[in-house]
Amino acid sequence: MSAQISLSCEHIERYLGEEEERVHALRGVSLEIETGSVHAVVGPSGCGKSSLLYILGLLDTPDAGRVLIEAETVSHLTDDELAQQRNKFIGFIFQFHFLMEDFTAEENVIIPMRKLGQLADAQMRDRAAELLQGVGLGDKLRRPSRHLSGGEQQRVAIARALANDPKVILADEPTGNLDTANSERAFELLQNLVHERGKALLLATHNPAIAEACDWVHEMRDGRIVESHHRNA
Amino acid sequence: MTPPLYIALRFLTHRKRALLLSLSGVVFGVAIFICTQAQTQGFSRYFIESNIGSNGALVVRSRFRPRYEPLMVAAKNSKGTAARRQYFEGITNPNEIMRVSRQFPDVVSCSPVLRGTVSARSGFENATVDLYGVDPALHAQTTDILHQLIDGNFDDFRNNTSSIIIGSSLGELLQAGVGDTVQLLAPNGEYWRFTVAAIARAGIGSIDSTRIYSHARVAQALLQQPSGASMIIYKLRDRNRAPVLASRFETLFQHNALSWQEREESTLQLFLTLRMSVAITVSLIILLAGFGIFNVLTMSVLAKIKEIAILRSMGYRRRDIGAIFLWQGALIAAAGSVLGCLLGALMTWGVSHIPIHLRGLLYTNYFLVTWDWRHYVFATCLALVAVFIASYVPARRAAELPPVVTIRGSR
């Protein structure tokens with residue numbers, strides 16, 4: 001692969017639970033995600049897809065192995081430094097939208113920008129409006145997030161994930177809670193963003209149609225990537 | 001506005017019932033604290049003002065003999081305790097003591113008083129009275145006697161040596177008013193006739209029901225005292241310096257000197273105990289308010305677990321999450337303190353207009369209150385500390401929540 005690697009991991013090991021309930025969730029997983037590509041991780045429930053996403057998204061720390069952002073190891077960073085990396089380089093999209101209920105669609109998109117602190121209030125509002133317009137919600141900026149439909153909430157979550165212009169987007173079953181029409185729309189949106197804006201996208205999914213539309217598909221089983229194949233292969 | 005403050009503000013205003021509950025606890029705690037302190041200190045301060053206004057901030061009394069301790073040898077069977085002072089009634093050379101003490105910058109003025117207990121009668125009424133023989137001009141400079149007159153004229157007293165000023169309660173007891181005659185019984189059994197020139201009300205029951213002021217020379221003749229003064233009372237620039245000055249005067253003049261704090265120790269302790277008791281009770285109210293806030297914020301942390309995980313996934317640090325909940329506490333404390341101070345002032349004003357008929361230790365027709373900014377500062381500090389402690393644990397708990405566990409749990 002000649003493209004630049006945005007996010008990668010090497011020999012990740014992760015155990016979950018304690019004592020008798022201890023599970024070996026990830027067993028020596030290595031993965032590279034290049035800029036401008038869409039990767040799908042597929043596999044049965046409990047195979048370690050989400051665990052891998054959380055570790056790559058610096059929300060969880062591996063028991064062994066390392067995570068690299070643009071070839072720089074980040075596994076040794078402090079909690080505060082990891083938070084900063086998440087804020088700047090990674091955008092998360094979750095299955096259940098996970099919007100802040102007390103805030104409007106626009107404010108939900110502004111929250112990560114406020115943390116980054118690089119834009120003035122007016123600039124943040126402009127950018128939020130632009131992102132929400134991009135996901136077809138330009139007319140619902142001021143609507144409280146709890147008054148949006150499931151599909152609309154997921155689109156706000158996509159706009160929020162892009163708020164700080166991250167290099168990597170991690171999506172944990174982003175269409176898992178949407179009907180077919182909304183699923184296709186959300187995925188299309190993400191795919192376009194990756195290709196047009198040069199992002200890298202890794203998504204965990206159970207949806208075979210979505211997986212097949214990705215540039216790379218990594219099949220996981222029992223905490224291992226058992227097969228990876230390119231769409232054109 | 002920092003991101004944690006922005007989020008805290010939104011969290012707070014979107015849970016109106018919880019906000020109202022927390023806020024009302026702080027508001028009422030602060031207000032009640034201010035109001036009760038204003039009342040208890042109001043009575044205490046009134047007593048102090050009245051007492052100093054009548055008896056001076058400092059009193060020099062009986063002469064004592066120096067002990068010459070270095071020269072003393074304890075008897076074999078004695079327990080080695082220091083010999084007691086030997087006192088002699090009255091002031092030796094009061095004019096000289098007054099001349100020297102006026103050199104002290106803290107002394108505003110001083111007045112010699114010849115004091116004695118005599119029997120008084122008017123018509124068919126009798127009473128044992130505390131006779132104060134004073135120099136009218138000096139006494140008017142040193143005490144609040146001019147402000148204490150509720151009837152009659154001080155000039156009538158000053159210009160007429162056979163006139164007296166009597167305490168208001170004593171006047172009622174003897175049924176004697178201005179212009180009436182009161183007879184005082186001299187030690188030799190003779191009754192001396194005086195005209196009441198004025199009625200004074202100090203506001204303290206023990207003074208108003210016993211005291212009679214006469215001219216010093218007349219009192220000296222009536223009491224048949226060789227000494228011209230049994231005490232000297234002082235007005236000071238700073239009444240809190242009285243204990244220090246008393247100690248210096250004792251050493252300097254070899255006379256017993258008593259500050260107002262020492263003189264009224266038992267009553268002041270009573271007031272202090274009362275204030276402390278009320279302060280403790282009201283502090284408990286504020287602590288209860290703090291406990292309420294603790295519950296509200298703990299519930300808020302539980303209710304916002306998902307939001308905390310989202311924020312962490314977006315790059316908010318542990319300390320940012322903690323700050324969100326500390327800010328909520330701080331906002332409640334700040335708003336609660338401001339509103340509590342306003343309500344406290346309003347309640348204090350209201351209480352000061354409640355009529356009461358007090359004629360015992362103090363004389364008053366309304367609740368006595370003190371307007372003191374320190375009450376407001378102290379109540380605010382107390383609220384801030386209580387709320388900070390109440391917010392700290394939930395904030396810490398929120399900061400420590402692992403986001404992955406929440407996100408996994410929500411799948």
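Burial, to begin with: of the 233 residues of chain A, 49% count as buried, where buried is 20 or more other C-beta atoms within 10 Å of the residue's own, exposed is 12 or fewer, partly exposed is in between, and C-beta atoms are placed from the backbone. This is a predicted model, in which local features need pLDDT of at least 70 and side-chain atom pairs count only at pLDDT 80 or more, while totals for chains, interfaces and linings use all residues. Residues are numbered from 1 along each chain as its sequence is written, with chains lettered from A and ligands numbered from 1 in the order in which they are written.

Next, overall size. The radius of gyration of chain A is 17 Å, which agrees with the value near 17 Å for a compact globule of 233 residues; that radius is taken over C-alpha atoms, and the globule rule is 2.2 Å times the number of residues to the power 0.38. Along the principal axes, the C-alpha atoms of chain A fill a box of roughly 45 × 40 × 40 Å.

Now the elements. Chain A has seven helices and ten strands, taken as DSSP runs numbered from the N terminus (helices H or I, at least four residues; strands E, at least two).

One open sheet has four strands in the order β2-β1-β4-β5 (chain A), with antiparallel pairing; strands pair if DSSP finds at least two bridges between them. Which strands stand at the edges? They are β2 (23–34) and β5 (72–73) of chain A, each with a single partner strand, so one side of each has no neighbour in the sheet. Strand β4 (residues 64–69) of chain A pairs with β5(A) over two bridges, and Leu68(A) stands opposite Thr73(A) in β5(A).
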